[in-house]
Amino acid sequence: MDNVAGTIIAAHGRHYLAQSDTRKLQCVTRGKKSDVAVGDIVNLQMTSPDQAVIESIAERSTLLYRSDQYKSKLLAANVTQLFIVVATEPGFSDDLVSRSLVAAEAAGVTAHIILNKIDVTESLARTRQRLAFYAGLGYPVHEVSARAAPEATCTALSPLLAGQSTILIGQSGMGKSSLINLLVPDADIAVREISAALDTGKHTTTFTRLYQIDADTAIIDSPGFQEFGLYQLTEGMLERAFPEFSSYLGRCRFYNCHHVNEPECAILTAVKTGGIARMRHALYLQLLHESSQKLY
Ligand SMILES: Nc1nc2c(ncn2[C@@H]2O[C@H](COP(=O)(O)OP(=O)(O)O)[C@@H](O)[C@H]2O)c(=O)[nH]1
Ligand SMILES: [Mg+2]
Ligand SMILES: [Zn+2]
């Protein structure tokens with residue numbers, strides 16, 4: 001049978017679903033390989049009218065992934081921007097927001113923060129205050145309410161999505177799927193199709209999936225996460241993934257300064273004088289530690 005091109009639109013374990021023109025094809029990799037990500041452009045060898053083997057993966061413009069001590073897990077390929085979805089309730093974790101931002105910076109992907117559920121007014125002021133910190137670092141923050149103001153939410157977000165491949169990430173319960181349902185026409189039908197093809201039963205939010213809006217616009221929904229390991233990032237990548245460090249880099253006494261406890265470290269001085277937030281430097285130290293613990 002013939003070879004066709006496709007885009008990976010869902011991944012569940014080592015089973016993948018690819019969109020090729022109007023067809024959805026169930027795909028597997030050859031052997032034990034599992035290095036395929038949602039968003040990958042692939043070359044497929046057809047094995048039946050709706051099944052194929054992934055022959056090769058086209059070169060990726062970007063790759064987002066997380067990792068622990070033992071292995072890395074691909075999140076998505078070829079995305080151009082990351083929407084970090086947070087909410088007034090339940091509360092969000094600064095650690096996970098900053099880790100997501102670091103992952104975006106390291107991958108060369110633009111990051112936006114989406115504050116959902118602004119209709120929940122009790123915690124709104126406090127949440128805004130917390131997010132102002134990230135706006136100060138240069139990350140745009142957009143306020144929406146998928147439930148109480150669906151039209152205004154679409155008006156705010158649709159222009160940002162056009163022409164981009166956007167992944168929504170965040171803790172569960174923040175409203176990622178609610179936003180997807182607003183932004184993607186017939187998202188529910190697509191989900192049912194994908195679940196049926198991958199035989200995932202009811203576990204619709206346990207896997208990542210891509211919705212192609214038009215030829216150059218895609219949105220990716222991802223399962224909520226509790227952890228965001230970044231063991232794969234090297235020291236050099238880490239210091240450059242914190243934008244507020246940039247004006248101090250190269251100004252330490254030692255050219256190979258680790259910014260941990262060295263004398264006359266420009267970064268540590270900035271932490272003391274308030275130019276760099278302690279919370280962010282603490283995360284930098286934690287990530288530096290993680291990167292030294294990598295076992296693969
Ligand atoms: N009050 C309020 N609730 C919302 C809003 N958006 C989503 N929710 C609710 O928050 C819960 C989690 O939403 P969901 O989209 O499943 O979150 P996900 O886990 O991030 O995909 C659901 O009960 C939604 O109805 C909103 O704008 N306001
Ligand atoms: Mg969801
Ligand atoms: Zn230093």
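Modeller: Happy to! One idea first: two packed helices are described by the angle between their axes and the distance between the axes. Here an axis is a line fitted to C-alpha atoms over the stretch in contact. Keep in mind that this is a predicted model.

Biologist: Okay, so at what angle do α1 and α8 pack?
Modeller: Helix α1 (residues 94-107) and helix α8 (residues 278-292) pack at about 65°, and their axes are 11 Å apart. Angles of 65 to 115 degrees count as roughly perpendicular, so α1 is roughly perpendicular to α8.

Biologist: Is that crossing left-handed or right-handed?
Modeller: Right-handed, where α1 passes α8.

Biologist: Which residues meet there?
Modeller: From α1 you have Asp94, Asp95, Ser98 and Val102, and they meet Met279, Arg280, Leu283 and Leu287 of α8. Sorted by class, the contact has four nonpolar, one polar and three charged residues.

Biologist: Nice. Stepping back, how is the chain divided into domains?
Modeller: Domain 1 covers 3-57, domain 2 covers 63-221 and domain 3 covers 235-292. The centres of domain 1 and domain 3 are separated by 42 Å, taken over C-alpha atoms.

Biologist: Let's do strands. What does β4 pair with?
Modeller: Strand β4 (residues 41-48) pairs with strand β1 (residues 3-12) in the antiparallel sense, over five bridges. In that pairing, Thr7 stands opposite Ile41 of β4. β4 is also joined to strand β5 (residues 51-57) by six bridges, and those two run antiparallel.

Biologist: How do β4 and β5 connect?
Modeller: Through a hairpin with two residues in it. One bridge there partners Met46 with Ala52 in β5.

Biologist: And what about β6 and β7?
Modeller: They form a hairpin too, with four residues between them. Strand β6 (residues 63-67) and strand β7 (residues 72-77) run antiparallel and are joined by five bridges. Leu63 stands opposite Ala77 in β7.

Biologist: Where does Asp21 lie?
Modeller: In the loop between β2 (15-20) and β3 (23-29).

Biologist: Which residues does the cis peptide bond join?
Modeller: Glu89 and Pro90, with omega at about -10°. Pro90 is in the loop between β8 (81-87) and α1.

Biologist: Great, thanks!

Note on methods: Residues numbered from 1 in each chain as written. Chains lettered and ligands numbered in written order. Predicted model: local features only at pLDDT ≥ 70, side-chain atom pairs only at ≥ 80, totals over all residues. Domains from an automatic or database assignment. Axes fitted to C-alpha atoms, helices over the stretch in contact; angles between N-to-C directions. Parallel < 35°, antiparallel > 145°, perpendicular 65-115°, else oblique. Left-handed = near helix turned anticlockwise from the far one by under 90°. Contact = placed C-beta atoms within 7 Å. Nonpolar A, V, L, I, M, F, W, Y, C, P; charged D, E, K, R; others polar. Pairing = 2+ DSSP bridges.
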